[in-house]
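Here is a short note to read alongside the model. Take the points in order, and find each residue as you go.

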Amino acid sequence: MSALPAYFVVRGDDLEIRVKAVPGAKRDEIVGALGDRLKIRVAQPPEGGRANEAIRALLAHALGVSERDIELVQGQANPQKSFRVRAASAQASALAARLAGQD
């Protein structure tokens with residue numbers, strides 16, 4: 001298995017993705033690695049969890065998984081967040097390649 005990006009953490013059967021969120025951007029986009037985080041910009045504001053939902057939808061689309069398989073586990077009101085992708089650890093390398101193709 002190739003080395004995973006620093007923003008991927010395998011937790012049992014799940015995969016955790018550490019994110020640096022930038023809400024209120026001009027458009028939704030996955031920017032790429034920023035240290036040990038995946039920088040993601042979304043147009044939604046941070047109020048009412050709307051930016052968190054936009055990030056979750058963007059990750060689901062980029063990874064090719066259902067939104068219900070992605071859960072915000074840390075950082076509800078913080079720009080540094082962690083999202084869990086359920087039952088995805090076995091596919092971590094393939095998912096990393098999908099995200100790398102977004103850059």
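1. Strands here are DSSP runs of at least two residues, marked E and numbered from the N terminus. The model is a predicted one. Start with Arg37, which lies in strand E4, residues 37-41.

2. Is Arg37 buried or exposed? Its relative accessibility is 15%, so Arg37 counts as buried. Leaving out residues up to four places away in sequence, Arg37 touches Tyr7, Arg18, Val19, Lys20, Gly32, Gln80, Lys81 and Ser82.

3. Now the salt bridges. The count comes to 9. One of them joins Arg18 and Asp36, at 3.8 Å from N to O. This pair links distant parts of the chain, 18 residues apart: Arg18 sits in strand E2 (residues 14-22), and Asp36 in the loop between strand E3 (29-34) and E4. Asp36 is partly exposed, at 37% relative accessible area.

4. Arg41 forms a salt bridge with Glu29, and their closest N and O atoms are 2.8 Å apart. Arg41 is in strand E4 and Glu29 in strand E3, 12 residues apart. Arg41 counts as partly exposed, at 28% relative accessibility.

5. Last, the helices. H1 (residues 50-63) and H2 (residues 92-100) pack at about 105 degrees, with axes 9 Å apart. That angle makes H1 roughly perpendicular to H2. Which residues meet? His61, Ala62 and Leu63 in H1 meet Leu95, Arg98 and Leu99 in H2. By class, this contact has 4 nonpolar, 1 polar and 1 charged residues.

Key
Residues numbered from 1 in each chain as written. Predicted model: local features only at pLDDT ≥ 70, side-chain atom pairs only at ≥ 80, totals over all residues. Heavy atoms only, no water. Axes fitted to C-alpha atoms, helices over the stretch in contact; angles between N-to-C directions. Helix = DSSP H or I, 4+ residues; strand = E, 2+ residues; numbered from the N terminus. Parallel < 35°, antiparallel > 145°, perpendicular 65-115°, else oblique. Contact = heavy atoms within 4.5 Å. Nonpolar A, V, L, I, M, F, W, Y, C, P; charged D, E, K, R; others polar. Buried < 20%, exposed > 50% of the residue type's maximum accessible area, 1.4 Å probe, protein only. Salt bridge = Lys/Arg side-chain N within 4 Å of Asp/Glu carboxyl O.
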